[in-house]
Amino acid sequence: MRSLMAKCDCLVLIVLIVLMSSLHPPQVSSKKTLSPDHPCQRFVLYYHDILFDGTDGANATSARATNPTKLGNNSDFGMLVVFDDPVTRDQHLVSPPVARAQGFYFYNKKEYHSAWFAYTLVFNSSEHKGTLNIMGADLMADKTRDLSVVGGTGDFFMNRGIATFQTEEVEGSKYFRLKMDIKLYDC
């Protein structure tokens, strides 16, 4: 009789374990598979930088915060620039801005022009509200350069991706325009 009771208890225990495991299935990893060919959001914007040269404070959108060091072949090595630059949908500086790029860049190569950027795209329009944070190396000698989109807020909450830079216009050290092809993958 005891043997029969032990078998029944064991059977009840197995049934309970099976029922409990069906109520709480094991967690499966929810890691997304990201593909460079399939961003969840993509847009092209144009970044305009007008460096203050000591004479046109009304039009300038950026200024040197430090002077260059004069080391190496690159006369701008070590120069830090802070900016509050307009960002437009098209290439025209006078177009209405869709965002502001606020941050800094500094020249970090002794041999040739190369910069390191860290900035926030601040959106405040009927289309988008929030920010995207972008940072990385701008190897200016390359035709295109990829910088990381490391996060965002508002409409871009926790978004990550790539901002591909392409220099479109340079007017000495006074003005430059970058095309930013922004691809978000973690939306």
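Predicted model: local features only at pLDDT ≥ 70, side-chain atom pairs only at ≥ 80, totals over all residues.
**Figure 1. Asp56 in the loop between β1 and β2.** Asp56 has its place in the loop that connects β1 with β2, the latter being residues 62–64. Is Asp56 buried or exposed? Its relative accessibility is 17%, so Asp56 counts as buried, the limit being under 20%. When residues up to four places away in sequence are not counted, Asp56 touches Ile50 and Lys174.

**Figure 2. The two faces of strand β4.** In a regular strand, side chains alternate between the two faces of the sheet. Strand β4, which spans residues 99–107, has a covered face made up of Ala99, Ala101, Gly103, Tyr105 and Tyr107, whereas Arg100, Gln102, Phe104 and Phe106 belong to its uncovered face.

**Figure 3. Strand β4 and its partners β3 and β5.** Strand β3 (residues 80–88) runs antiparallel to β4, and eight bridges join the two strands. Within this pairing, Leu80 has Phe106 of β4 as its bridge partner. Strand β5 (residues 115–124) also pairs with β4 in the antiparallel sense, here over nine bridges, and in this pairing Ala101 stands opposite Leu121 of β5.

**Figure 4. The largest nonpolar core and Phe117.** Which members of the largest nonpolar core touch the most other members? They are Phe117, Leu121 and Ile182, in a core of 30 residues. At least two residues of this core are supplied by each of β1 (41–50), β3, β4, β5, β6 (129–138), β7 (145–154), β8 and β9. Phe117, when residues up to four places away in sequence are left out, touches a set of residues that includes Tyr47, Phe83, Phe104, Tyr105, Ile134, Leu147, Phe165, Phe176 and Leu178. Asp138 and Gly136 are also among the residues that Phe117 touches.

**Figure 5. The largest pocket and its lining.** Rolling a probe the size of a water molecule over the atoms shows where empty space is left. The largest pocket has a volume of about 330 Å³, and 21 residues line it, with Tyr107, Met140, Val170, Gly172 and Phe176 nearest its centre. The elements that each give two or more residues to this lining are β4, β5, β8 (160–171) and β9 (175–186), and the largest share, three residues, comes from β9. By kind, the lining of the largest pocket divides into 11 nonpolar, four polar and six charged residues.

**Figure 6. The protein chain as a whole, for orientation.** The protein chain has one helix and nine strands, and along the sequence these follow the pattern α-β-β-β-β-β-β-β-β-β. Of the 187 residues in the protein chain, 34% are buried. Among the contacts in the protein chain with a separation of 6 or more, 46% are between residues 24 or more positions apart.

Key:
Residues numbered from 1 in each chain as written. Heavy atoms only, no water. Buried < 20%, exposed > 50% of the residue type's maximum accessible area, 1.4 Å probe, protein only. Helix = DSSP H or I, 4+ residues; strand = E, 2+ residues; numbered from the N terminus. Pairing = 2+ DSSP bridges. 1 Å grid on protein atoms, 1.4 Å probe; cavity = no way out; pocket = protein on both sides within 12 Å on 5 of 7 lines; lining within 4 Å. Points joined across faces, edges and corners; volume = space filled by probe spheres on them. Nonpolar A, V, L, I, M, F, W, Y, C, P; charged D, E, K, R; others polar. Core = buried A, V, L, I, M, F, W, Y, C linked by side-chain atoms within 4.5 Å. Contact = heavy atoms within 4.5 Å.
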